[in-house]
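Please open the model in your viewer and keep the selection tool at hand.

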Amino acid sequence: MATFRARDRSSAVLRSDRSAVWAALTDADLMARFTPYVTGIDVDGDRWTWRMGTIPVLGVSVAPRFTEVMELHPEERIDFRHDPARSDEMTAVEGTYLLADHEDGGTDVSIDLEIVVSLPLPGLARPAVERVMGGVVKHMGSVFSRNLLAHLGEA
């Protein structure tokens, strides 16, 4: 087993106000529907368990399931980190969403997240695996953004 990582940082200015963006980002059902490969999100208090469909990575198929501890600062910030009690999970995601009023109206939104996954592959495969992971994360972000904009009436 080796550990592999992918990181995504992005930002955008949305025409929608912060409360509308906040409502979407904190709705687990919407998040699951907007995000490719995600088949569902179970919410138990501040724990969100994400279930994903099968994703092929260099001949190994993984169906990640991971639990995030969500720390919500209404309409300003969402911090999420892997639940330390879930050491059995082979995937973890950690990151932050930031929301702020944009000077010309609308909302500045940024995300910084890192995905860490343990796979039954040799560490020598790291460059290829992380390149594939980066592509998958970029695709997921693009589709998520498009779906969020459509939901907010900005598409």
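Two rings of Phe, Tyr or Trp (for Trp, the six-membered ring) form a pair if their centres lie within 6.5 Å; planes under 30 degrees apart count as stacked, over 60 as edge-to-face and the rest as tilted. By this rule, there are 4 aromatic pairs. The model is predicted, so local features need pLDDT of at least 70 and side-chain atom pairs pLDDT 80 or more, while totals for chains, interfaces and linings use all residues. Residues are numbered from 1 along each chain as its sequence is written, and side-chain values use heavy atoms, without hydrogens and water.

Select Trp48 and Trp50 first. Their ring centres are 6.4 Å apart and their planes meet at 35°, so this pair is tilted. Trp50 and Phe66 are stacked, at 6.1 Å centre to centre and 10° between the planes. Trp50 belongs to strand β3 (residues 47–52) and Phe66 to strand β6 (residues 65–73), 16 residues apart; strands are DSSP runs of E, at least two residues, and helices are runs of H or I, at least four, numbered from the N terminus. Trp48, Trp50 and Phe66 form one aromatic cluster.

Now select helix α1 (residues 18–25), where Arg18, Val21, Trp22, Ala24 and Leu25 are buried. Seen down the axis, these residues fall within an arc of 165°, so they line one face of the helix; the arc is that of the directions from the helix axis to the C-beta atoms.

Key
Buried < 20%, exposed > 50% of the residue type's maximum accessible area, 1.4 Å probe, protein only.
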